[in-house]
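Please look at the sequence and the 3D structure shown below, and keep both in view while reading this report. The sections that follow go through several parts of the structure, one after another.

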Amino acid sequence: MFEDIPVDVSPMYEGERIRAANMFVELSGPKSIGAELVQVEENVEDGKIEVIGPEISEMDQGEIYPFGILIEIQGETLEKELEGVIERRTHELCNYIKGFMHLNQRDQIWCRVSTEARDAGFKFEHLAKTLSILFKEEFPIIESIAVTVLTDKEKVEKFVEKAKEQYDKRDAKARELTDEDVDVFYGCVMCQSFAPTHVCVVTPDRTALCGAINWFDCRAAAKMDPEGPIFEIEKGNVLDDIKGEYDKVNEVMAEKSQGTVDKVYLHSVFEYPHTSCGCFEAVAFYIPELDGIGIVDRDFKGETPLGIPFSAMAGQCSGGKQVEGFTGLSLEYMRSPKFLQADGGYSRIIWLPKEIKDSIIEYIPEDLRDKIPTEEDATSIKEIRKFLREAEHPIMERLKESKADKEAEMEEAQPEETDQDEVSEFADVPVAPVAYAPEIAMPTSGGVKIIFKNAKIYAEKVIIKRKQ
Ligand code: SF4
């Protein structure tokens with residue numbers, strides 16, 4: 001079937017990583033542009049393959065190029081609603097190709113071709129051919145398929161625009177429904193190949209954290225393939241409608257995560273947040289010093305107020321882990337009225353990148369729009385605190401109340417006197433975890449190992465001493 005393809009094609013290459021040292025070229029990604037799009041069309045010429053722009057053989061080693069993959073499909077029972085789900089499989093199927101690495105989804109794709117694949121004669125026409133074979137194999141309802149690979153800069157720019165319009169249409173449709181309007185949610189375990197305990201719960205109000213699959217997409221996918229990776233979850237009884245806890249969702253989480261996670265709050269970063277695979281568009285993270293929540297997306301290049309970039313944070317909370325204080329989410333979820341509602345929604349958000357803020361500004365309550373700083377206003381905790389105080393962000397009230405509670409508690413407990421010179425500016429912050437770690441292993445003797453899962457480190461005060 002793959003006789004004409006000069007490299008191996010098999011699911012065993014799915015985890016292959018192409019590092020800079022053995023990379024021939026990079027395609028799309030953070031330093032360029034690109035997108036992937038599946039469209040259900042009429043009159044698709046089956047087997048048609050086209051490459052618009054330079055082929056791999058015409059590219060220069062170590063360079064980064066714009067990149068687009070357009071997949072047009074036709075089939076008697078193919079519904080438009082299946083586009084999102086079929087498109088999401090592009091990630092997995094591209095990664096079957098030895099020497100081709102594909103990350104992320106939609107207009108966030110980031111690909112690499114290895115030097116070894118280039119030397120073997122691998123070209124984009126082979127990528128297109130492989131995809132057309134694999135997609136027909138995976139989805140027998142596809143009767144005709146045509147694949148176009150774009151690398152010409154202008155053509156890719158236009159293609160990305162068109163793709164974004166299509167993504168917007170899909171997302172806007174999902175916004176018409178709320179969690180209360182439906183009796184079933186959906187689960188997706190497509191990412192368990194690299195995050196074995198991760199289960200996405202997709203509801204009308206909570207689009208999948210990869211941002212590529214909404215409730216309608218899941219409904220169409222579950223109908224097409226009830227035994228597939230996307231399945232129906234009966235809502236069952238609501239245990240907490242603000243946190244977004246449902247008894248049947250908990251049951252399914254326990255079953256599909258092999259017992260690792262048996263409780264999940266869909267609309268909170270605290271206690272039992274949604275698990276995170278690694279495909280999330282953004283991460284919500286708790287900032288203990290200010291008792292607020294920050295958001296960072298994968299396009300943001302700088303450091304977050306926690307002092308680490310997106311990539312390091314993603315490393316801490318991905319892989320299917322449930323880590324209190326962190327949750328992966330889609331940017332679309334930030335448009336939902338239920339966005340982290342148990343934590344206070346936007347009134348608890350105290351930092352986010354400007355690009356995200358601009359893209360969702362109309363969904364932020366009007367009275368909060370000027371009160372949430374971006375990297376242009378503040379980056380350190382100290383600067384954020386100053387900004388929040390001056391902007392009269394509601395979190396400052398919350399901090400005062402917590403401080404009053406804490407002082408009352410302290411009075412009752414008759415605390416020891418503190419050396420004021422040593423206490424940092426954070427000393428008036430309420431007791432809150434100052435650090436989280438998904439796992440801490442303690443070295444011990446006697447042939448045993450002690451592992452703390454989801455460890456939270458609390459400190460009654462934070463003392464910062466200048467080094468002598
Ligand atoms: Fe499915 Fe979630 Fe992975 Fe998206 S992130 S493909 S919804 S498991």
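## Helix 5 and its cover

How many of the 10 residues of helix 5 are buried? In this predicted model, local features are described where pLDDT is at least 70 and side-chain atom pairs count only at pLDDT 80 or more, whereas totals for chains, interfaces and linings use all residues. Residues are numbered from 1 along each chain as its sequence is written, and side-chain values use heavy atoms, with hydrogens and water left out.

Helix 5 (residues 215-224) is mostly covered, since 7 of its 10 residues are buried, where buried means under 20% relative accessible area, exposed means over 50%, and partly exposed lies in between, with a 1.4 Å probe and protein chains only. Helices here are DSSP runs of H or I with at least four residues, strands are DSSP runs of E with at least two, and both are numbered from the N terminus. The buried residues of helix 5 are Trp215, Phe216, Asp217, Cys218, Ala220, Ala221 and Ala222. Their cover includes helix 1 (83-94), helix 4 (153-174), strand 9 (184-188), strand 10 (200-202) and strand 11 (230-234), with contact taken as heavy atoms within 4.5 Å.

## Cysteines and the ligand

Cys218, which belongs to the buried part of helix 5, has a relative accessible area of 0%. Its sulfur is 6.3 Å from the closest cysteine sulfur, that of Cys188, and this is too far for a bond. In the whole structure, the search finds 0 disulfides, a disulfide being a pair of cysteine sulfur atoms within 2.5 Å.

Cys188 is also one of the residues around the ligand, together with Arg88, Met190, Cys191, His198, Cys200, Ala208, Leu209, Cys210 and Cys277; a residue is counted as near the ligand if one of its heavy atoms lies within 4 Å of it. This shell divides into 8 nonpolar, 1 polar and 1 charged residue, where Ala, Val, Leu, Ile, Met, Phe, Trp, Tyr, Cys and Pro count as nonpolar, Asp, Glu, Lys and Arg as charged, and the others, Gly among them, as polar.

## Strand 5 between two partners

Strand 5 (residues 67-74) has 6 of its 8 residues buried, so it is largely enclosed by the rest of the structure. Strand 5 pairs with strand 2 (residues 34-40) in the parallel sense over 7 bridges, and with strand 8 (residues 144-150) in the antiparallel sense, also over 7 bridges; two strands are said to pair if DSSP finds at least two bridges between them.

Ile69 of strand 5 can be followed to both partners, for Glu36 stands opposite Ile69, while in strand 8 the bridge partner of Ile69 is Val149.

## Salt bridges

The whole structure holds 29 salt bridges, each being a side-chain nitrogen of Lys or Arg within 4 Å of a carboxyl oxygen of Asp or Glu. In one of them, Glu26 and Arg112 have their closest N and O atoms 2.9 Å apart. Glu26 lies in strand 1 (residues 23-28) and Arg112 in strand 7 (residues 110-114), so the pair ties together parts that are 86 residues apart in sequence. Glu26 is buried at 5% relative accessibility, and Arg112 is buried at 14%.

Arg348 and Asp291 form another salt bridge, with the closest N and O atoms 3.0 Å apart. Arg348 lies in the loop between strand 16 (326-329) and strand 17 (349-351), and Asp291 in the loop between strand 14 (282-287) and strand 15 (292-297), so this pair ties together parts that are 57 residues apart in sequence. Arg348 is buried at 7%, as is Asp291 at 9%.

## Two buried loop residues

Ser318 is found in the loop between helix 7 (310-317) and strand 16, where it is buried with a relative accessible area of 16%. Leaving aside residues up to four places away in sequence, Ser318 touches Ser276, Cys277, Gly278 and Phe280.

Gly244 sits in the loop between strand 12 (238-240) and strand 13 (245-246), and it is buried at 1% relative accessibility. With residues up to four places away in sequence again not counted, Gly244 touches Val264, Tyr265, Leu266 and His267. Gly244 and Lys338 are 94 residues apart in sequence and 8.9 Å apart in space, C-alpha to C-alpha.
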